[in-house]
Amino acid sequence: MTFKKIVLIMAMHSEADPIRDALELEEMDKLHPSLPMDSYKGKIGQTELLLLVNGVDPRFQVDSIGTQPATLATFAAIQAWQPDLILNAGTCGAFKSKGAEIAKVYWGNKVIHHDRRISIPGFREYGVGDYPVFTDQALAQKLEMEFATISSGNSLDMCDTDYQILDQEERVVKEMEAAGIAYVAELMQVPYLGIKSVTDLVDGGMLAQDEFLLHLKNSSLALQQKVLALLQEISIK
Ligand code: SAH
């Protein structure tokens, strides 16, 4: 399956820069003067690629990570560019006990929230989300990516309840944007494809923030390689 216009949404510049540089993407005007997102464009064969990095928060001067900026970026990008695919790439935490390793890259076959626990009839499912995702088993195999549930929450750390919810999934990665993006993609009827590279092992005994920073570079390079290979496969020659 190929796509004509792909929007790639990424949270952090350190994750996105290797991809922007490899594809020699050109910086564009901001989507909106008040929004922190940075935009870049380029081509892969006949396919147009737009990269949106969630940008630096104007007040706190750090990358705008988390579901809120991701949600906003996705809506603004779909409105401005009408893509036929939303690709979301980023880093994540994962479980050693479920076979994860640092810099392993997973393709999401399910996207949920683990921090929206609402025990009121009907709202439980709304809270979990379970948004539709685009998958291709043969392509995942060709690119040597395993499928995993991508679970979003707005904290880097994890409480016991988060752990119990995550542990119910066969293979699962933990990050902070996918569910916000997949939510908008479903509303706007654009397919969502998420791939995530492991920066930290949540059951590995090291503090997530220390392990994240230690492996951010390696993990972003592994992500870059998978994103480039994937884009080759899904672009129009
Ligand atoms: N301390 C870091 C901030 C990174 S926060 C810094 O100052 O540079 C984590 C970012 O990477 C989020 O965008 C999230 O999607 C992803 N991520 C990586 N590992 C994660 C984990 N264990 N839990 C949640 N998000 C994680």
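Let's start with two helices: H2 passes H6 in a right-handed crossing, where right-handed says that the near helix is turned clockwise from the far one by less than a right angle. Helices here are DSSP runs of H or I with at least four residues, strands are runs of E with at least two, and both are numbered from the N terminus. Keep in mind that this is a predicted model, in which local features need pLDDT of at least 70 and side-chain atom pairs count only at pLDDT 80 or more, while totals for chains, interfaces and linings use all residues. Residues are numbered from 1 along each chain as its sequence is written, and side-chain values use heavy atoms, with hydrogens and water left out.

Two packed helices are described by the angle between their axes and the distance between the axes. For H2 (residues 67-81) and H6 (residues 178-187), the angle is about 30° and the axes are 7 Å apart. That makes H2 roughly parallel to H6, a label for angles under 35 degrees. The axes are lines fitted to C-alpha atoms over the stretch in contact, and angles run from 0 to 180 degrees between N-to-C directions.

Who meets whom? From H2 come Thr67, Ala70, Thr71, Thr74, Phe75 and Ile78, and they meet Gly180, Ile181, Tyr183, Val184 and Ala185 in H6; contact means heavy atoms within 4.5 Å. These contact residues divide into 7 nonpolar, 4 polar and no charged.

Now look at H6 by itself. Because 7 of its 10 residues are buried, H6 is largely enclosed by the rest of the structure. Buried means under 20% relative accessible area, with a 1.4 Å probe and protein chains only. Among the buried residues of H6 are Ala178, Ile181 and Ala185. Just after H6, Gln189 takes a positive phi of about 55°.

Next, the inside. In soluble globular proteins, nonpolar side chains tend to be buried together. The largest nonpolar core here has 32 residues, and Val7, Leu52, Ile86, Val111 and Tyr192 touch the most other members. A core is a set of buried Ala, Val, Leu, Ile, Met, Phe, Trp, Tyr and Cys residues joined through side-chain atoms within 4.5 Å. Elements giving two or more residues to this core include H2, H6 and strand S9 (192-201). Tyr192 touches Ala178, Ile181, Ala182 and Ala185, among others.

Lys196 lies in strand S9 and is buried, with a relative accessible area of 1%. Ser151 lies in strand S7 and is buried at 0%; its contacts include His113, His114 and Lys174.

Note on methods
Parallel < 35°, antiparallel > 145°, perpendicular 65-115°, else oblique. Nonpolar A, V, L, I, M, F, W, Y, C, P; charged D, E, K, R; others polar. Buried < 20%, exposed > 50% of the residue type's maximum accessible area, 1.4 Å probe, protein only. Lists of a residue's contacts leave out its neighbours within four places in sequence.
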